[in-house]
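Please consult the sequence and the structure shown here while reading.

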Amino acid sequence: MRTARNGAMAKRDRDMGKINTTSVAASELPPLPESASSTPEPKKGKMETSLEVLQENIVKLVSAKITESAESIKETINELKEQSKALAKDIQEMKETVNAVEQATTNHEKRISTVETKINEMERYHRRWNLRLYGLAEAEGEDVKKKVVRICRSVLPDVGDSINPHIDICHRVGRKEEGKTRPVIIRFTTRFTRDAVWRNAKSSEALESERLRFGEDLTFLDKETRSQLWPHIETARKQGKRAFFVGAKAIIDGKEFRLQT
């Protein structure tokens with residue numbers, strides 16, 4: 001039985017060898033498909049399509065926002081232009097108002113200066129009958145006029161008692177303070193007597209011995225002018241020049257000295 005099986009297997013092997021060694025004509029084989037000349041483009045996937053759409057949407061959205069912003073900026077610029085025009089108009093009106101106020105102020109200042117000058121001249125004129133006496137000791141319950149008459153008689157010894165009616169009013173000026181001697185203002189009835197006392201007082205030995213001196217009764221403005229001129233008077237005197245005041249005027253070497261304006 002094993003011998004019969006072996007024989008069948010041998011026969012099968014021989015038949016298989018015949019089939020393998022049999023040649024097949026090339027014309028009998030079906031033709032192969034032709035190869036493509038190039039590699040075909042890969043198909044786009046769903047993800048790539050979605051990305052393009054997303055990009056397009058973003059571009060559209062950004063463009064829309066830019067357009068909207070541009071329009072808003074344009075409107076804002078136009079509003080600012082209108083506001084600038086209105087502001088420029090207001091500024092121009094304010095400039096005109098300021099110029100008018102400045103002109104009016106200048107005119108008022110000129111008028112005030114003119115009025116002050118006139119008032120000062122009037123006050124100066126009335127003070128021409130006055131002199132001030134400095135250094136006269138002050139005492140409680142004193143008779144100031146009696147003291148002034150005595151001093152004026154010492155300045156004008158030739159006049160004697162006849163000077164009494166030429167002295168009108170005498171009184172202390174200023175606030176009373178401890179340790180301070182207030183000056184005395186004297187009003188004469190005539191300019192002649194006042195000028196005589198003023199002239200002789202400059203060389204009076206009696207005044208010098210009592211450490212007294214007379215001074216002009218100046219206005220407030222004249223005092224300010226003298227304060228400004230005093231440094232020039234002082235400098236001129238140190239230089240050996242003849243310098244003094246006449247009222248509010250500074251005289252240096254016979255010429256009136258004026259402040260530079």
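## Helix α4 and the buried interior

The residues of α4 that are buried (under 20% relative accessible area, with exposed over 50% and partly exposed in between, for a 1.4 Å probe and protein chains only) are Thr193, Arg194, Ala196, Val197, Trp198 and Ala201. Their cover includes β1, α3, β3, α5 and β4. An α-helix has 3.6 residues a turn, so residues three or four places apart point the same way.

The model is predicted, so local features need pLDDT of at least 70 and side-chain atom pairs count only at pLDDT 80 or more, while totals for chains, interfaces and linings use all residues. Residues are numbered from 1 along each chain as its sequence is written, and side-chain values use heavy atoms, with hydrogens and water left out.

The protein chain contains six helices and seven strands; helices (H or I, at least four residues) and strands (E, at least two) are DSSP runs numbered from the N terminus. Along the sequence their order is α-α-β-α-β-β-α-α-β-α-β-β-β. Of the 261 residues in the protein chain, 21% are buried. Contact means heavy atoms within 4.5 Å; among contacts in the protein chain between residues at least 6 apart in sequence, 55% join residues at least 24 apart.

## Nonpolar cores

A nonpolar core is a set of buried Ala, Val, Leu, Ile, Met, Phe, Trp, Tyr and Cys residues joined through side-chain atoms within 4.5 Å. The largest one has 23 residues, of which Ile167, Ile186, Val197 and Phe214 touch the most other members. Two or more residues of this core come from each of β1, α3 (144-155), β2 (167-172), β3 (184-188) and α4. The largest share, six residues, is that of α3. Leaving aside residues up to four places away in sequence, Ile167 touches Lys145, Val148, Val149, Cys152, Ile186, Arg187 and Phe188. Another core, of seven residues, lies apart from the largest one and includes Ala236, Phe245, Ala250 and Ile252.

## Pockets

On a 1 Å grid over the protein atoms alone, a pocket is an open set of points where a 1.4 Å probe fits, with protein on both sides within 12 Å along at least five of seven lines; lining residues have an atom within 4 Å of a point. Grid points are joined across faces, edges and corners, and a volume is the space filled by probe spheres set on the points.

| Pocket | Volume | Lining | Nearest the centre |
|---|---|---|---|
| Largest | About 770 Å³ | 29 residues | Arg124, Asp222, Gly247, Ala248 and Lys249 |

Ala, Val, Leu, Ile, Met, Phe, Trp, Tyr, Cys and Pro count as nonpolar, Asp, Glu, Lys and Arg as charged, and the others, Gly among them, as polar. The lining of the largest pocket has nine nonpolar, seven polar and 13 charged residues. To this lining α6 gives the most, with six residues. In the second largest pocket, the lining divides into 10 nonpolar, two polar and eight charged residues.

## Positive phi in two loops

Most residues other than glycine have a negative phi. Arg211, in the loop between α5 and β4, has a positive phi near 55°. Its relative accessibility is 76%, and Arg211 therefore counts as exposed. Asp253, in the loop between β6 and β7, has a positive phi of about 50°. With a relative accessible area of 46%, Asp253 is partly exposed.
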